[in-house]
Amino acid sequence: MDKDYFNSIHWTVTIGTNPGFELENQEIMDYGKFVALFQRISEEEKNKSGVWITAVVTPSRLAYRHSAGCPISGEYAYTLTGSCNTEFATVDDYVPALKRVLAKLKDELGQVTFTLEIIPAHLVFYNDEPGYSEL
């Protein structure tokens, strides 16, 4: 098998940006500010462990029981998705680094909970640089 085919993981997390479960707290966190916060935390992790966590960040809304604190129109949130490129880190190193980044993000946002989904994935890393497999 070519070196650009890997057994890997894909992950998704959706996290609110307003602290706690408050029905009236409807402030939108600036998209750029959120991404910059994630980048800073990821860079701190890279400096400690050597593992860089990248993500696609999408604005979203959480919808759960109103009686549990969810505003009628949903809670402002961001969904992050990513995968471990085993060209740069092993899954065994990546998953703990990912969990540390997300826990720090949770703490900085004042969140109480988040749910992380990690699923097996087959990653194909396309790279046109010299030394990598052709498409």
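1. Basis of the note. Because the model is predicted, local features need pLDDT of at least 70 and side-chain atom pairs count only at pLDDT 80 or more, while totals for chains, interfaces and linings use all residues. Residues are numbered from 1 along each chain as its sequence is written, and side-chain values use heavy atoms, with hydrogens and water left out.

2. Overall fold. The protein chain holds two helices and four strands, which follow one another from the N terminus in the order β-α-β-β-α-β; helices (H or I, at least four residues) and strands (E, at least two) are DSSP runs, numbered from the N terminus. Of its 135 residues, 36% count as buried, where buried means under 20% relative accessible area, exposed over 50% and partly exposed in between, with a 1.4 Å probe and protein chains only. Among contacts (heavy atoms within 4.5 Å) between residues at least 6 apart in sequence, 73% join residues at least 24 apart.

3. The helix pair. Helix α1 (residues 31-49) and helix α2 (residues 91-109) have axes that come within 10 Å and cross at roughly 135 degrees. This makes α1 oblique to α2, since angles under 35 degrees count as roughly parallel, over 145 as roughly antiparallel, 65 to 115 as roughly perpendicular and the rest as oblique. The axes are lines fitted to C-alpha atoms, for helices over the stretch in contact, and the angles run from 0 to 180 degrees between N-to-C directions.

4. The helix contact. On the α1 side the contributors include Phe34, Leu37, Phe38 and Ile41, and on the α2 side they include Ala97, Val101, Leu105 and Leu109. The residues of this contact divide into eight nonpolar, two polar and six charged, taking Ala, Val, Leu, Ile, Met, Phe, Trp, Tyr, Cys and Pro as nonpolar, Asp, Glu, Lys and Arg as charged, and the others, Gly among them, as polar.

5. Cysteines. Cys70 is buried at 2% relative accessibility, and Cys84 is buried with a relative accessible area of 0%. The count of disulfides (pairs of cysteine sulfur atoms within 2.5 Å) is zero.

6. Two individual residues. Asn85 lies in the loop between β3 (75-83) and α2 and is buried, with a relative accessible area of 16%.
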